[in-house]
Amino acid sequence: MAKQNFVGGFSELALGVCYYPEHWPEQDWADDAAQMRALGLRCVRIGEFAWSKLEPQRDQFDFGWLDRAIATLAAEDLKVVLCTPTATPPKWLIDEHPAILPRDPSSGHERGFGSRRHYDFSSTTYRDEAVRISTVLAKRYGSDSRIIGWQTDNELCCHDTAHSRSDSARQAFQGWCQERYETIGHLNTAWGNVFWSMEYPSFSTIELPFGAVTETNPAHQIAYRRFASDQILRFHDACCSAIGDHARNQWITHNFIPMKDTQTDCFSLAAPLDFVSYDSYPLGRSEFLLGLDEPELARRYMRTGHPDYTAYYLDQCRGLKDRGFWIMEQQPGPVNWAPSNPRPAPGMVALWTLEAIAHGADVVSFFRWRQAQFAQEQMHAGLLRPDRSRSDAWQEVETVVGVLKTLENESLPQPQAHVALVTDVSAQWVSDIEQQGQEVEAHRVAFQFYRALRQLNVSVDIVSTSADLSQYALVVVASMPIISNTLLEACEQSGATLLFGPRCGAKTEEFQIPPNRAPGVLQSWLDLQVNSVETLRPDVAEPFEYQGEVFQSRLWCEDLSVGSATVAALYQEDRPALVRKGRCLYLATLTDDAFLRQLLGDLLREREIMVHELPEDVRMMTRGSVTFAFNYGAEAHTLDAPPSAEFLVGSVKLPPRGCCIWRGE
């Protein structure tokens with residue numbers, strides 16, 4: 001088989017770990033490195049929070065410890081991922097420039113020194129300092145062959161740090177508004193500031209959209225969110241350029257948190273990177289998704305994570321650059337930051353690792369090597385306990401190493417999909433700003449469509465509004481109030497069946513109802529108009545009929561006037577629930593999962609795409625001719641594998657919390 005080139009420079013799938021040599025006695029480093037290599041790890045991430053150790057005083061650098069740590073790891077043939085430490089500006093820098101600190105959008109209070117991510121993206125002073133330290137590191141290590149690549153910062157926007165109520169943010173926002181709108185009259189008209197006497201006399205009087213008596217103008221809010229996203233991009237682009245100017249034969253990545261939590265245009269954030277990385281914590285993330293609203297599911301998947309939620313973000317990572325990605329931090333045990341922090345069920349660390357690979361990860365790196373004895377993350381598990389004994393995850397990593405050896409000679413191109421789920425951060429902004437109903441959130445709506453497709457054993461590409469859609473049989477736009485001309489053109493040129501969910505086309509670029517009513521620009525395709533919208537209590541569901549079966553309408557319901565289009569389903573006393581004209585469909589309500597599976601299955605079968613509804617806890621994914629099957633449940637399942645399947649791992653009987661892998665034709 002021809003040699004494969006996975007992202008990050010390895011010629012085979014690989015495992016790594018996050019390591020903090022500055023936390024441990026130097027006499028431990030060599031043994032740590034030897035154990036890493038013996039376990040089968042190939043790369044080590046270091047340095048993302050080490051600014052105060054690297055530069056204890058301004059321009060007084062101490063690289064000795066870092067040089068020795070790199071040498072120790074390299075002696076065991078471990079490749080190093082070096083990070084810029086800009087997520088943790090040191091105390092001396094904060095004391096020099098206290099305006100670097102952000103201010104909480106809700107209270108206006110300063111968010112002070114003493115944890116991490118304590119900087120304001122609108123501080124030009126901090127941007128300069130971040131570029132300075134990044135440049136210093138890149139100049140010193142940019143030609144070092146022991147350094148395979150770089151991670152910028154750490155988990156941008158984590159802890160709700162995308163937004164700030166600082167003077168720096170206000171002044172920068174005023175300048176941003178002047179550049180976008182040119183005249184204050186244009187801004188007042190675009191925002192509809194005549195409402196409630198909100199007109200501004202000049203750009204210098206514009207406030208941030210926080211701290212008012214009641215809700216601020218939604219047009220003002222979305223303008224601020226666009227501005228905040230641009231500030232984050234400007235900061236990150238500058239740091240990437242500082243590294244790229246001096247790094248030779250080294251790549252640049254960033255470790256993303258779930259994209260909804262960045263509140264930023266993640267496709268643009270990923271643009272200067274060679275590939276993206278993701279920090280995968282299935283248990284904590286599932287608890288935040290399910291804990292309050294779906295307690296039964298939260299209990300069921302307490303030790304495994306939801307079968308689709310991690311995969312949802314894995315597929316988003318693949319879509320950000322349309323290529324393979326890394327898991328920079330993989331959960332190995334209990335974490336310390338969720339409402340509850342159970343240990344993973346036996347087998348789940350191995351399952352999550354292999355699932356990431358199945359969805360396109362080329363390297364999986366575990367967080368962390370050794371559990372911290374001190375400070376904020378003492379309760380966060382590692383591969384070693386604080387006393388250096390092996391944690392429960394160690395044996396599962398050994399299992400994964402064995403599986404990767406089995407896969408060494410298999411061709412593993414990136415997954416291919418017949419379905420595109422189109423996303424844009426503006427959908428999240430609109431639903432956050434004008435929620436209108438409980439639990440009506442853009443990311444939840446998109447996830448519901450995604451999990452329905454995955455339950456049908458269909459692979460999904462999660463793509464931007466500017467993606468080429470010509471390769472897909474079905475394009476799903478789950479909820480996108482602001483539809484761009486770029487997306488319209490891509491849809492027109494695709495030839496795919498197009499499914500638009502409720503609220504699509506409901507707003508203009510400046511957060512107004514379109515002059516011709518919703519769905520705005522989609523009316524030329526669909527020949528319908530939205531008369532009104534109601535939202536329902538989360539505990540209310542109303543029946544509707546589709547193809548002789550009864551399903552449930554919930555949360556968001558639109559009343560439509562339909563022209564020449566065909567009404568494919570009715571609800572609420574013969575109101576249109578699903579409308580179709582040619583290859584374009586519009587769904588007027590949020591529904592239960594069963595309806596989405598039925599509808600999506602019908603649309604795929606029309607396009608001669610094979611669908612197969614999987615057991616509730618089983619999921620599959622294919623890379624090339626290799627298929628992975630995963631069982632999130634407590635019961636074994638006998639798989640309906642093709643007769644030609646040659647099992648590489650496991651058998652047709654899929655064990656509880658287990659995985660099997662086979663090669664097909």
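Trainee: What percentage of the 665 residues in the chain do buried residues make up?
Mentor: Buried residues make up 59% of the 665 residues, where buried means under 20% relative accessible area, exposed over 50%, and partly exposed in between, with a 1.4 Å probe and protein chains only. This is a predicted model, in which local features need pLDDT of at least 70 and side-chain atom pairs count only at pLDDT 80 or more, while totals for chains, interfaces and linings use all residues. Residues are numbered from 1 along each chain as its sequence is written, and side-chain values use heavy atoms, with hydrogens and water left out.

Trainee: Why is His254 called buried?
Mentor: His254 has a relative accessible area of 1%, and is therefore buried under the limit of 20%. His254 lies in the loop between β5 (251-253) and β6 (255-256), helices (H or I, at least four residues) and strands (E, at least two) being DSSP runs numbered from the N terminus. Leaving aside residues up to four places away in sequence, His254 touches several residues, including Asp153, His236 and Phe275, a contact being heavy atoms within 4.5 Å.

Trainee: And why is Asn485 called exposed?
Mentor: Asn485 has a relative accessible area of 56%, so it is exposed, the cut-off being over 50%. Asn485 lies in helix α18 (residues 485-494), and its C-alpha atom is separated by 23 Å from that of Glu434, 51 residues apart along the chain.

Trainee: What makes β8 and β9 a pair, and in which sense do they run?
Mentor: Two strands pair if DSSP finds at least two bridges between them; β8 (residues 325-330) and β9 have 4 bridges, in the parallel sense, with Trp326 standing opposite Val363 in β9. Strand β1 (residues 14-18) also pairs with β9 in the parallel sense, over 4 bridges, and there Val17 stands opposite Phe366.

Trainee: How many residues of α14 and of β9 are buried?
Mentor: In α14, 11 of its 11 residues are buried, among them Trp352 and Glu355, and in β9 (residues 361-366) the count is 6 of 6. Helix α14 is followed by Gly360, whose phi is positive, near 125 degrees.

Trainee: What makes a set of residues a nonpolar core, and how many residues has the largest?
Mentor: Such a core is a set of buried Ala, Val, Leu, Ile, Met, Phe, Trp, Tyr and Cys residues joined through side-chain atoms within 4.5 Å, and the largest has 179 residues, with Trp369, Leu383, Leu407, Leu469 and Phe500 having the most contacts inside it. Helix α14 gives the most to this core, with 9 residues. A second, separate core of 25 residues includes Trp191, Phe227, Val430 and Ile433.
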